[in-house]
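Subject: Handover of a structure and notes on its interfaces

Dear colleague,

Please find the structure below, together with its sequence. My notes on what was found in it follow directly after.

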Amino acid sequence: MTAAKRPPLPVILLANDLLDGEVVFWTGRVWSDRPQEALIARDEAGAALLEAAAAEALAQNKVVDAYLVDVALDGEGRAVPRHYREKIKTEGPSVRRDLGKQAGQSNLVPTGH
Amino acid sequence: MYRYDEFDARFVRERVAQFRDQVARRLDGSLTEDEFKPLRLKNGVYLQLHAYMLRIAIPYGTLSARQLRQLALIGEKYDRGYGHFTTRTNMQFNWPRLRDVPEILDLLADVEMHCIQTSGNCIRNVTADHFAGVAADEVEDPRPTAELIRQWSSLHPEFDYLPRKFKIAVTGSPQDRAVTKAHDIGLRILRNAKGEIGYEVMVGGGLGRTPMIAKTIRAFLPKAELLAYLEAVLRVYNLEGRRDNKYKARVKILVHEIGAEKFTQLVEDEYARLDGPSIVADPQEVARIAAYFAPPAYEKLPLRSTGFDAAKTQNRAFATWASVNLFPHKLTGYAAATISLKNIGEAPGDVTSAQMRVLADLAEKYSFDELRITHAQNVVLPHVKQDDLFAVWQALVAADLASANAGLITDIIACPGLDYCSLATARSIPIAQALAQRFADQERQIEIGELNIKISGCINACAHHHVGHIGILGLEKSGKESYQITLGGDATLNAAIGERLGPGLDAEDVPDTIERIVEVYLQHRKAGEPFIDAVRRLGLEPFKAVVQETLHAPA
Amino acid sequence: MPLLDRNGAKKDVWIISDDGSADADHILVSVAHLKQALSGNGRGRRIGVAIANTVKLAELEPHLSEIDLVSIAFPSHGDGRGFSIAKQLRHAGFKGTLRASGPLIADQFAFALACGFDEIEVSSAHAARQPIEQWLKAASSISQTYQRGFGAHNILDARRAARATGK
Ligand code: SF4
């Protein structure tokens with residue numbers, strides 16, 4: 001991804017876990033299934049680091065479909081995707097509030113990492 | 001129902017082992033994601049928005065109680081307690097882990113099921129009329145043909161890497177309930193002047209970005225020649241279909257670009273070159289398969305069931321359900337009952353594991369252990385004695401499965417849309433829910449009569465919105481969900497593609513607009529005139545005005 | 001580039017020579033130079049032809065009996081045209097060697113063999129990622145499929161045989 005194609009800042013990096021499918025976020029150290037732990041890149045240098053992390057994780061067959069998502073920061077400084085698609089992706093089905101991350105569920109098997 | 005013999009059983013087990021090995025090779029890096037993706041798709045595994053999704057084949061929509069119970073178990077053990085029936089009569093689970101899929105496949109193989117070719121650029125799960133073997137107007141049961149094609153198309157060495165997906169549907173009735181003209185190949189079983197059975201072969205139908213109605217390339221293909229002829233059609237498509245643009249790769253574009261005549265010529269040339277007898281199934285094999293679909297041991301019953309009549313007089317809700325959800329059976333004293341998965345306010349086609357078990361029990365007890373899944377995302381108990389209908393209905397009421405809306409305005413077909421699907425541009429389930437709520441009143445639904453609404457969450461058109469009487473397509477417009485309405489589509493023998501009524505609407509405006517469209521119909525219809533006929537007679541203009549009103553209404 | 005057939009790795013004796021000018025026993029020419037190479041073939045060289053997967057059967061059909069090898073290019077693993085071309089060539093009576101050349105994956109080996117291919121040529125990088133053992137295993141992972149006319153072992157004929165012996 002070149003800088004020109006990057007979404008507007010700030011951004012986070014998300015992907016799906018290869019084995020479990022769960023949507024995961026790069027925390028700067030590990031992949032977490034909790035959106036609030038996502039590392040927020042506020043400048044181009046930070047975004048470039050996220051891209052490097054994506055490339056590495058893809059190469060190691062840990063995650064698939066990794067990409068940057070532009071976010072807004074809510075009152076508590078947490079990242080919320082600006083686009084409705086990514087918002088649903090980080091929460092769970094809007095028609096089933098009892099399912100997905102919004103309900104505290106995760107498919108991630110911790111030993112997988 | 002078809003039962004696996006030793007060959008089928010081994011084939012499916014070997015496919016499971018093969019997939020297990022493919023997953024292992026993906027993990028160790030032997031296969032790149034690019035290489036693995038088509039392999040997992042051809043085994044029904046998608047990566048969706050929140051998780052992997054597993055699509056299980058329900059060949060021509062036929063299930064036994066034992067199979068449905070196994071699906072219920074899988075739903076509980078590996079998913080989140082529910083599944084979703086698709087418009088191609090498959091079942092999807094929304095939350096499995098890739099690491100669990102091989103185990104799930106083993107459980108499926110235990111009950112003679114699989115996920116082979118439920119996705120990917122290959123010949124997909126074959127569909128057929130959901131009233132096969134039931135409808136009085138049937139020339140021949142389409143299921144043996146569909147089963148023959150299922151086997152022939154499974155892991156076909158030559159046709160597993162086609163330009164694009166390829167869907168085949170078979171109907172055995174003049175009244176097309178399998179939407180054959182919206183398929184890559186539609187087969188209609190018919191009799192020629194000599195009384196011999198054969199197929200009308202239609203090619204190049206499809207929805208998606210460029211909706212097209214299939215063209216007939218053979219008016220009568222003798223039954224015995226089927227597989228050889230299919231091989232010729234597929235070979236022409238495999239060689240000539242476009243591969244430069246995914247949106248132009250379906251056979252409908254090839255047929256359109258070179259013309260039906262030229263396409264027919266290519267197929268006939270290839271067919272003439274083939275050695276047909278070395279390809280087709282021999283008559284004993286065809287007979288072997290057909291024997292599995294012999295009619296069940298029906299009882300000889302009187303024309304009218306007094307118990308059924310009495311129950312209707314005593315219980316109005318039952319009478320309503322019976323008048324809306326039953327389909328006439330070719331045998332006196334029986335009926336086919338549609339069980340609606342369209343409860344007001346719920347996601348169309350979703351069914352819980354608990355409900356699956358209820359349906360399985362009912363099938364076993366009252367319908368010769370058989371269920372059908374319809375492309376309208378409902379379930380059918382195909383052979384219920386009229387005497388038993390009241391008991392069936394009571395069990396359905398207890399399981400929250402007794403909505404009396406089959407074929408009515410709240411029997412909405414909707415794809416999963418952006419709540420689950422990674423390709424979606426907008427959500428479709430909330431629109432279906434809002435519309436169902438708007439039209440929830442039972443009497444009003446019956447007064448409106450037959451009207452189908454189909455909602456797709458993107459241009460891929462999985463909900464067949466183009467052929468809905470009212471079609472709704474969810475798109476993205478300036479960062480918001482926007483819904484485009486089409487009118488006049490028809491999925492039956494008079495297949496027609498709906499026309500757009502105007503620019504896209506906001507989600508909040510959809511229910512009002514649809515309600516106004518329905519009001520225009522109610523005002524102008526002649527006595528007994530169904531919605532689709534009225535739309536044909538009136539044209540689009542009076543309905544277009546409605547959309548304009550919505551757009552210009554003060555906020 | 002690595003070459004394999006149903007028995008494993010194989011030595012490639014063919015020399016690519018587009019215009020047929022190379023001095024070798026086995027030369028692989030382009031379609032454009034095929035006629036010329038065949039007509040000038042006084043000294044018993046073996047001639048093969050390398051084709052794109054858009055070549056029409058009619059172009060090769062008149063020469064099939066004189067060609068020893070046809071190498072069909074697979075531009076990507078997702079492009080299955082080569083399978084149909086192989087089938088057509090075999091059906092037209094081609095008895096020589098059929099080679100698939102390109103980034104096929106091990107899981108396509110069985111399909112290729114069933115369609116009439118004898119051997120597959122892959123890039124070195126590809127072969128490093130997918131060792132020969134994987135190809136051989138993949139080739140036999142499904143013991144019988146349903147299609148008649150794609151190899152000896154198909155379920156339909158097996159059922160017929162079972163019926164005949166009354167099993
Ligand atoms: S129509 Fe689009 S959104 Fe709906 S299921 Fe199909 S691909 Fe997904």
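Chain A and chain B bury about 2600 Å² between them, 55% of it on carbon and sulfur atoms; buried area is the accessible area (1.4 Å probe) that two parts lose on being put together, summed over both. This is a predicted model, in which local features need pLDDT of at least 70 and side-chain atom pairs count only at pLDDT 80 or more, while totals for chains, interfaces and linings use all residues. Residues are numbered from 1 along each chain as its sequence is written, chains are lettered from A and ligands numbered from 1 in the order in which they are written, and side-chain values use heavy atoms, with hydrogens and water left out.

Chain A and chain B

In this interface, 28 residues of chain A are in contact with 33 residues of chain B, contact meaning heavy atoms within 4.5 Å. Two salt bridges are counted between the two chains (a side-chain nitrogen of Lys or Arg within 4 Å of a carboxyl oxygen of Asp or Glu). One of them joins D20(A) to R99(B), at 2.7 Å from N to O. On the side of chain A that touches chain B, strand 1 (11-17), strand 4 (63-73) and helix 2 (84-91) each supply at least two residues, and helix 2 gives the most, with four residues. Helices (H or I, at least four residues) and strands (E, at least two) are DSSP runs, numbered from the N terminus.

Chain C and chain B

Here 41 residues of chain C are in contact with 51 residues of chain B. The two chains bury about 4000 Å² between them, with 53% of it on carbon and sulfur atoms. F111(C), Y146(C) and R159(C) supply 16% of the area that chain C buries against chain B, more than any other three residues. The interface holds 11 salt bridges, including one between D282(B) and R160(C), whose closest N and O atoms are 3.6 Å apart. Helix 3 of chain C provides the largest share of the side that touches chain B, seven residues.

Within chain B

The domain assignment, which is automatic or from a database, gives domain 1 (6-110), domain 2 (134-291), domain 3 (306-398) and domain 4 (422-552). The C-alpha centres of domain 1 and domain 2 of chain B lie 26 Å apart, and the contact takes nine residues from domain 1 and 12 residues from domain 2. These two domains bury about 920 Å² between them, 57% of it on carbon and sulfur atoms. K42(B), Y60(B) and R88(B) supply 54% of the area that domain 1 buries against domain 2, more than any other three residues. One salt bridge is found across this interface; K42(B) forms a salt bridge with D160(B), the closest N and O atoms being 3.8 Å apart.

The ligand

Residues around the ligand include C415(B), C421(B), C458(B) and C462(B), each with a heavy atom within 4 Å of it.

Kind regards
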